[in-house]
Amino acid sequence: MKKLLATTALALMSLTAGAHAEGKLSIYHWFEYIPQELLDKFAEEYDVEVTMDTFDSNEALLASLKAGKLGSYDVAVPGDYMVKIMRDEGMLDTFEPSELPNFGNIEDRWVDVEFDPGRKSSIPYQWGSTSFSVNKDVYKGKLDSLSLIFEAPEELKGKINVLDTAGETLTLASLYLGIPQCTSDKAQLKELNALVQKAKPDWASFGSDVAKDVLVSGDAAAGMIWSGFSAKARAEGANIEYVFPKEGMIVWMDNVVLLKDAPNRENALKFMNFLLEPENAAAVTNYAQYTAGVKGVSEFLEPEVANSPESNPPADQKGVFVEACPEDVQVLYDAIWTNLKK
Amino acid sequence: MAAGAPMGAGNSSRIYKGSGWKLLFPSWIIIGIFLLAPVLMMGVYSFLTKEFRGGVIWQFSLDAYDQFFFDRGLFGDEPPRLEWTYIGIFWRSIWQAGLATLACLLIGFPTAWFIATRDPKSRSTWLFLVTIPYWVNLLIRTVSMKFLIRDTGPLNEFLLSIGVIDAPLGLINTNFAVQLGLFYSYLPFMVLPIYAAVERYDFSLSEAAADLYAGRWTILRLVILPVVKPGIVAGCILVFVPSLGAFLAPDLLGGAKTFMIGSLIEEQFKGNAGNWPFGAAASMILLTIVMCVLLVYARNQNKVEAR
């Protein structure tokens with residue numbers, strides 16, 4: 001009997017090994033950010049079984065990894081400042097450029113980035129901007145300033161949606177006031193606090209995942225939004241224009257990082273290399289409508305994506321990355337945010 | 001030990017004597033794993049030192065409770081005053097939950113009464129109708145409510161088209177919308193326990209009261225209400241407690257403009273703040289409030305039974 005069991009078990013094991021892929025890859029990614037076909041393509045090309053979980057904010061990603069998920073994923077896709085935070089927390093593994101044959105495909109300006117100098121742990125995924133869009137049927141004036149959100153004109157009062165994350169909303173407010181990020185200057189922080197407090201009655205709602213929906217439905221006539229999300233809203237019929245404010249906008253880049261204690265390091269590197277193929281990077285761009293940081297994608301892009309006004313800011317447009325503040329400063333921004341929503 | 005005990009139908013309790021605690025094992029495991037352990041963990045975390053950007057340092061600290069109750073100004077350099085921010089958030093949530101409970105009671109009681117006084121055959125049909133919407137996920141229902149009442153939604157378009165109003169009502173992103181969402185989400189929790197109580201009510205009591213010249217109002221107040229009160233109280237608790245921690249309705253229908261208890265706690269774990277001990281402390285304070293409500297209820301029940 002025992003022998004029979006053992007034989008059956010052995011037979012089963014060999015069966016599953018035959019049916020299953022060579023290896024595994026576990027991805028932790030944003031929602032709606034990679035086309036399923038691309039994952040299938042990778043799985044087939046490299047004979048790897050791919051699984052993916054999703055998150056909806058950089059902070060949620062960090063919280064989940066801190067709560068014990070580190071070691072169960074191979075790669076994740078944090079934004080710029082979160083790469084720095086995760087690196088400082090020791091959550092990232094490093095690789096040598098030679099381990100990625102396509103390393104040279106990274107656009108030159110995205111190689112030596114401040115959040116990961118020399119790209120020791122990350123590669124570019126997509127980059128874009130955060131600003132706001134305005135419904136042109138409701139507001140016919142000039143679209144060039146963050147004042148439309150923070151000191152709203154009569155037509156837009158009570159019809160504005162702002163992003164429900166302290167980082168983005170308070171950074172845009174700081175840009176409008178012309179004060180630096182992560183300031184500990186009391187006068188500047190009080191000014192920032194006063195600005196958002198005064199603006200809040202003009203805001204209809206706070207929401208990030210609904211940012212596109214409220215513009216399409218008309219619940220909001222103006223709303224903070226990410227560039228690609230705004231392009232999608234336009235494609236869904238909203239008569240909106242994505243604004244490039246003279247005070248500046250937020251520029252961000254999402255990056256594929258190699259996580260510490262990755263169970264399948266080899267496959268993770270294969271996947272990162274795969275995403276640096278121009279054709280594959282372009283597939284992501286065609287889906288998400290942001291911009292790849294990879295050389296040679298243009299021939300694979302759909303024309304309406306390549307030429308979308310949201311992805312092509314004027315040459316002299318100012319843009320800043322969100323900074324990760326030190327703890328003693330971050331609590332002040334948290335307090336302003338809580339104070340705003342109390 | 002039970003070997004010498006006489007066997008018989010009336011002695012079942014004796015058979016299990018001594019081994020009763022063993023039979024309770026499964027329920028103790030459930031209570032231990034799903035109730036006591038999480039609450040204990042939350043309690044412990046609330047007394048730890050926060051780690052920047054989420055996490056805890058294993059060092060005793062009262063900072064979380066201090067932050068909840070004392071205000072030292074934006075820069076922490078002013079003398080401590082009572083902190084109204086979080087008390088305000090709690091108060092608003094309690095007020096919202098209370099209003100939602102009241103609304104559910106005002107609509108739920110007559111509904112339950114109506115169903116319980118139909119003939120027994122059609123009762124189950126009515127109950128079935130009450131529960132149908134609840135086969136759909138709460139999130140979907142809340143989003144649907146948003147679609148219905150938004151300025152460009154069917155409700156406003158209908159009212160505009162028949163000329164009752166000449167501008168959209170502007171319901172979305174208001175407290176009224178949140179109330180509507182909570183009311184709609186939790187109404188059956190009010191209807192079902194009240195229905196159960198009314199169904200058992202012996203209507204000859206009302207007839208007897210009427211024979212003794214009691215008016216309709218008096219019958220309702222002095223005869224019916226005391227009998228169905230347990231159902232009403234159970235319904236109120238079932239609506240009040242989940243409303244208190246709700247964050248779907250405030251976020252989706254109220255525009256997330258102000259923190260509710262639920263979203264405040266969520267922000268501590270998932271948001272920028274990343275202050276786990278504070279989130280745990282806020283949860284403990286919420287738990288304490290809910291426990292107090294339930295204790296008052298339990299004591300009242302005991303008094304009623306003692307009478």
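What percentage of the contacts in chain B with a separation of 6 or more is accounted for by residues 24 or more positions apart? The figure is 64%. Please keep in mind throughout that this is a predicted model.

1. Chain A, overall form. Chain A contains 13 helices and 10 strands. Its radius of gyration is 22 Å, close to the 20 Å that the globule rule gives for 342 residues, so chain A is as compact as a globular protein of that length. The C-alpha trace of chain A spans about 80 × 45 × 40 Å along its principal axes.

2. Chain A, burial and contacts. Of the 342 residues in chain A, 47% are buried. When contacts in chain A between residues at least 6 apart in sequence are considered, 74% of them join residues at least 24 apart.

3. Chain B, overall form. Chain B has 14 helices and 4 strands. The globule rule gives 19 Å for 307 residues, and the radius of gyration of chain B is 25 Å, well over that value, so chain B is more spread out than a compact globule. Along the principal axes, the C-alpha trace of chain B spans about 80 × 70 × 35 Å. Buried residues account for 30% of the 307 residues in chain B.

4. Domains of chain B. Chain B is divided into domain 1, residues 18–71, and domain 2, residues 84–306. The centres of these two domains, taken over C-alpha atoms, are separated by 29 Å. Their contact takes 17 residues from domain 1 of chain B and 13 residues from domain 2 of chain B. On the domain 1 side, helix H3 (25–46), strand S1 (48–50) and helix H4 (63–69) of chain B each supply at least two residues. That side of domain 1 of chain B divides into 8 nonpolar, 6 polar and 3 charged residues.

5. The interface between the chains. How many residues of chain A are in contact with chain B? There are 29 residues of chain A in contact with 25 residues of chain B. On the chain A side, at least two residues each come from helix H3 (58–69), helix H6 (166–177), helix H7 (186–199), strand S6 (203–206) and helix H13 (327–341) of chain A. The largest share comes from H13(A), with 8 residues. By class, the side of chain A that touches chain B has 11 nonpolar, 9 polar and 9 charged residues.

6. The nonpolar core. The largest nonpolar core has 152 residues, and Val75(A), Ile149(A) and Met272(A) touch the most other members. Helix H9 (residues 175–199) of chain B gives the most to this core, namely 15 residues. Setting aside neighbours within four places in sequence, Ile149(A) is in contact with Phe132(A), Ile160(A), Val162(A), Ala222(A) and Met224(A).

7. Tyr28(A). This residue lies in strand S1 (residues 23–30) of chain A. Is Tyr28(A) buried or exposed? Tyr28(A) counts as buried because it has 22 C-beta neighbours inside 10 Å, where 20 or more are needed. Not counting residues up to four places away in sequence, Tyr28(A) touches Asp53(A), Phe55(A), Leu61(A), Tyr73(A) and Ala76(A). Tyr28(A) and Ala76(A) are 48 residues apart in sequence, yet their C-alpha atoms are 4.6 Å apart in space.

8. Backbone angles to check by eye. Most residues other than glycine have a negative phi. Asp47(A), which is not a glycine, has a positive phi near 55°. Asp47(A) is placed in the loop between helix H2 (36–46) and strand S2 (48–55) of chain A. With 12 C-beta neighbours inside 10 Å, Asp47(A) counts as exposed, since the cut-off for that class is 12 or fewer.

9. Ala256(B) is not a glycine either, and its phi is positive at about 55°. Ala256(B) lies in the loop between helix H12 (248–252) and helix H13 (261–270) of chain B. Which class of burial does Ala256(B) fall into? Ala256(B) is buried, with 22 other C-beta atoms within 10 Å.

Methods:
Residues are numbered from 1 along each chain as its sequence is written. Chains are lettered from A and ligands numbered from 1 in the order in which they are written. This is a predicted model: local features need pLDDT of at least 70, side-chain atom pairs count only at pLDDT 80 or more; totals for chains, interfaces and linings use all residues. Domain bounds come from an automatic or database domain assignment. Two residues are in contact if their C-beta atoms, placed from the backbone, lie within 7 Å. Ala, Val, Leu, Ile, Met, Phe, Trp, Tyr, Cys and Pro count as nonpolar, Asp, Glu, Lys and Arg as charged, and the others, Gly among them, as polar. A nonpolar core is a set of buried Ala, Val, Leu, Ile, Met, Phe, Trp, Tyr and Cys residues joined through C-beta atoms within 7 Å. The radius of gyration is taken over C-alpha atoms; the globule rule is 2.2 Å times the number of residues to the power 0.38.
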